[in-house]
Amino acid sequence: VTDRAGNEVPEGTVNRRFEVTDVTSFWDAPNGGRWNVAEHWRDDRVPTEDDGVLISGVTGDNAVQLTTPAIVQKLILQSDFEMRDPLQANVIEGRDGTFTLFDTLRNTLVTAKDENFATVFSSGAGLDSVELDADAEVSGFSLILGVENSLKVDRTLTVKAPGESATTVASRGATVIDGAGTIFLSRELDTFGGVGNAISHSGLIEDVAEELILGEELTIEGTGSIGSSDDETIQIRGTLKGRDADALLIQDVDNKGRSMVVNSKDGQVGANGSVVNATIKGAGRNQVEEFELETGADLKNVSFEGVSVNVTGGTVFEDVVLGAGGFFSGFSLLARVRDSLIIEDTFALTAPGGSSTFLDFEGDVTVDGAGTLLLSRALDDFGGVGNTVNHVQGEGEGERKLVLGSDLTIAGTGILKSDIGDTIQILGTLKGQDEGALLIAGIDNDDEAFAVD
């Protein structure tokens with residue numbers, strides 16, 4: 001028995017593995033070289049937008065270099081390929097070698113069929129409507145990877161920079177970054193304690209502010225920052241995961257009422273700028289996560305569920321729900337509260353040495369919830385005066401009132417007072433703790449009772 005080519009077919013079952021591809025253009029220069037040279041291709045012509053292309057057989061450290069804009073149907077890579085001009089390919093299938101980008105890739109799915117294939121974004125690289133179903137890396141001194149329209153990350157995109165520099169994934173205009181993968185802001189190459197890498201959004205196009213959306217299944221992990229410029233905002237719908245000693249910090253977030261998830265198991269996650277209209281939830285690990293509020297944090301209409309806050313710098317709370325309490329700790333720090341604050345667990349004010357922390361309530365404010373506002377002396381080894389809850393007038397004229405709700409407990413050692421002309425109403429419980437007193441001043445309770453323990 002023979003096949004159609006005349007080869008004898010042995011008896012018994014014969015297994016053959018094969019693949020049908022739509023390749024119509026084959027690279028034919030083992031020393032690499034430029035894409036746009038016809039003699040480098042088997043049929044002596046440069047591929048067009050109708051071709052499926054196979055690059056293979058390039059020897060040593062040589063590479064194929066794209067030095068003119070190109071559009072193809074499909075690109076299969078089995079050798080090193082340098083994209084130095086824009087490229088559009090419906091699919092890039094990586095089987096071997098390194099795919100290095102120095103320019104913009106558009107409307108393309110990048111897949112990895114083998115672990116020996118690597119995708120590297122270098123200086124000048126950009127992505128416009130790209131899907132990454134391959135591990136990829138942005139690595140270099142202060143590099144910027146530009147992203148427009150959309151990016152889908154289904155594996156791991158690692159962002160790292162040497163020394164004290166920072167590498168940035170920078171979106172522009174209305175952009176969605178989603179997928180079931182991870183963007184990892186790594187400090188692997190940072191030996192000098194740099195500021196960390198970043199995801200940055202510049203959404204202003206023709207004076208219209210546009211938004212960056214980070215999708216629900218996406219994880220942002222590591223050390224660095226997520227932020228925007230001017231009036232643009234970011235939605236974070238997925239998971240923020242800390243890594244290493246320094247924090248992953250967010251700012252310029254308007255979540256439009258949507259939730260984000262925090263995982264602080266391996267490192268800190270927090271904010272150092274504006275976060276509004278958000279629910280910040282724990283990762284469901286049967287323990288409370290932690291969220292750092294550093295200097296500049298400004299929260300409005302934010303609820304924490306399964307996440308405690310650790311305030312280490314000047315912070316503003318406006319219409320905030322502390323579902324799992326937290327700590328406000330530092331040397332003579334000041335935080336401000338506006339409109340309302342709900343405390344459902346213990347929120348402790350602590351200060352080291354003989355200093356105090358100050359929690360100022362500005363204007364008409366209601367503090368409610370079934371938790372405890374604790375003026376703690378846990379860090380006070382020198383017999384300080386205790387911490388202070390202070391009601392100040394804020395903006396506008398006329399008497400302003402701070403109302404402490406009926407289910408709320410104020411406990412500890414320190415001072416609860418109001419500015420002259422403004423008042424505090426206590427409807428809940430005052431509870432002394434430790435050797436010093438819990439003192440109150442500027443109270444007008446409108447004939448309502450409060451409890452003392």
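Me: Among contacts in the protein chain between residues at least 6 apart in sequence, what percentage join residues at least 24 apart?

Reply: This is a predicted model, in which local features need pLDDT of at least 70, side-chain atom pairs count only at pLDDT 80 or more, and totals for chains, interfaces and linings use all residues. Residues are numbered from 1 along each chain as its sequence is written, and side-chain values use heavy atoms, with hydrogens and water left out. Contact means heavy atoms within 4.5 Å. Here the share is 41%.

Me: How many helices and strands are there in the protein chain?

Reply: Helices (H or I, at least four residues) and strands (E, at least two) are DSSP runs, numbered from the N terminus. The protein chain has zero helices and 46 strands.

Me: Is Phe81 buried or exposed?

Reply: Buried means under 20% relative accessible area, exposed over 50%, and partly exposed in between (1.4 Å probe, protein chains only). Phe81 has a relative accessible area of 0%, so Phe81 is buried. This residue lies in strand S6, residues 81–83. Beyond its neighbours within four places in sequence, Phe81 is in contact with residues including Trp35, Ile55, Leu87 and Phe99. Of the 453 residues of the protein chain, 50% count as buried.

Me: Where does Glu448 lie?

Reply: Glu448 is in the loop between strand S45 (438–440) and strand S46 (451–452). Its relative accessibility is 46%, so Glu448 counts as partly exposed.
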